[in-house]
Amino acid sequence: MLYQHNSSAKDPSPIDYQMSISRSAQFWIIFPIYIPSVVCSLFDLYHYLISRTARQALHNHVIIFLLLINLIIQLTNIPFTLSYLHLGYVWPQSPVFCIFWTIIDEGFFIALTAFFAWATIERHILIFHDRLLSSRRKIIIFHYVPMVIVFLYCFCYTLIVIVFPPCENTFDYDELTCGEPICYYDEKSLAMWDIIVDHLIAVLIIVFCSFTLLLRILYQKSRMRQATNWKKYRKMTIQLLAISFLYFIIYIPNMFLEFLHICCISDEVGADFTAYSDFFSYYGYLLLPFVCAGSIPDLRTKVKNMFLLRRRRVARIVYPQTITLSRRAVVRQ
């Protein structure tokens, strides 16, 4: 899904990885969880944006960005993929649509990974170096400026590599994502940059910072008699570690294999694994909202209140009634 284009940097006729699972089966593997996942994304964003406390909390800002990016992917990339699996070809068949799909598939995934990599770094600042956020000026420097830098990098990268490349993109409407038409990746150096900087380094930051965050919290809790208020940061930490685990299981193995394909081994090595991991990487988008929902305070109570509110609104609806008057009542009138 995300990395097939890189094989072309090494071999002008890349191997066409095929899954033994039929397209119809692939469709039904994704579709049942798709709608609940979108509903969960909307619920998460409703909680973070409606609640003033959640909206103003610094540690939630990156999570809101992640959920927004992920929701856009859910409403575009996944329906496009389901359409391809159902029809067997890309529709509509136009270069503009293919470029748009590639922006979502590649550019938004890079943004999602980069923002979460920063989130893992920022958790260390929020928990152990909160003095760096003690004033408005420091908040701007250590909180908002890094997120702006991440956004500008992703925006410029997408603009240069996908939208206005100095080469001509080619589109194959019989392949998923129009055949991954990013011509820039035909250059081995750019393909290496994409795998190493945009994917491997970002994910390694996620794993390293998450692991060290857990170690630091355990050390503070056991050796310093809870100098860090564990109850205050428990939800924040569990949320971060859960998302990191999701990245580690779904994305990291395929990224390392793609890196090896570019630098030293044949594309035939692990070809089946690449095909399956590309497909099941969609579950990263589908499961992220559920992971984020798990850290929402009083989740069960809030879901129950939403259903109770809906029932009350239905009960308050006044339906028109027909009143029948007897003859005696009419005569009296």
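Author: Helices (H or I, at least four residues) and strands (E, at least two) are DSSP runs, numbered from the N terminus. Please keep in mind that this is a predicted model, in which local features need pLDDT of at least 70 and side-chain atom pairs count only at pLDDT 80 or more, while totals for chains, interfaces and linings use all residues. Residues are numbered from 1 along each chain as its sequence is written, and side-chain values use heavy atoms, with hydrogens and water left out.

For orientation, the chain has 12 helices and zero strands. Of its 333 residues, 45% are buried, where buried means under 20% relative accessible area, exposed over 50% and partly exposed in between, with a 1.4 Å probe and protein chains only.

Two disulfides turn up in a search of the whole structure; the term stands for a pair of cysteine sulfur atoms within 2.5 Å. One of them joins Cys98 to Cys178, with 2.0 Å between the sulfur atoms. This pair links distant parts of the chain, since Cys98 sits in helix 4 (residues 95-128) and Cys178 in the loop between helix 5 and helix 6 (188-223), 80 residues apart. The torsion about the S-S bond is -75°, and the link is left-handed. Are its two ends buried or exposed? Cys98 and Cys178 are both buried, and for Cys178 the relative accessible area is 0%.

Cys178 has a positive phi of about 60° although it is not a glycine. Thr177, also not a glycine, has a positive phi of about 55°. Thr177 is found in the loop between helix 5 and helix 6, and it counts as buried because its relative accessible area is 1%.

The other disulfide is formed by Cys167 and Cys183, whose sulfur atoms are 1.9 Å apart. Here the S-S torsion is 85° and the link is right-handed. Both cysteines lie in the loop between helix 5 and helix 6, so this bond ties together parts that are 16 residues apart in sequence. If you number the bonded cysteines of the chain in sequence order, the pairing reads 1-3, 2-4.

Why do Cys156 and Cys292 stay out of this? The sulfur of Cys156 has its closest cysteine sulfur, that of Cys154, 9.5 Å away, which is too far for a bond. With 41% relative accessibility, Cys156 counts as partly exposed. For Cys292, the closest cysteine sulfur belongs to Cys40, and at 8.2 Å that is also too far for a bond. Cys292 is buried, with a relative accessible area of 0%.

Helix 5 covers residues 136-163 and bends by about 35° at Tyr144, with a proline, Pro146, following within four residues. That bend is the angle between axes fitted to the seven residues ending at the given residue and the seven starting there. Among the buried residues of helix 5 are His143, Pro146, Met147, Val150 and Cys154. An α-helix has 3.6 residues a turn, so residues three or four places apart point the same way.

Phe115 counts as buried because its relative accessibility is 3%. Its C-alpha atom lies 6.7 Å from that of Val62, although Phe115 and Val62 are 53 residues apart in sequence. In the loop between helix 3 and helix 4 you will find Pro92, and the peptide bond from Trp91 to Pro92 is cis, with omega near 0°.
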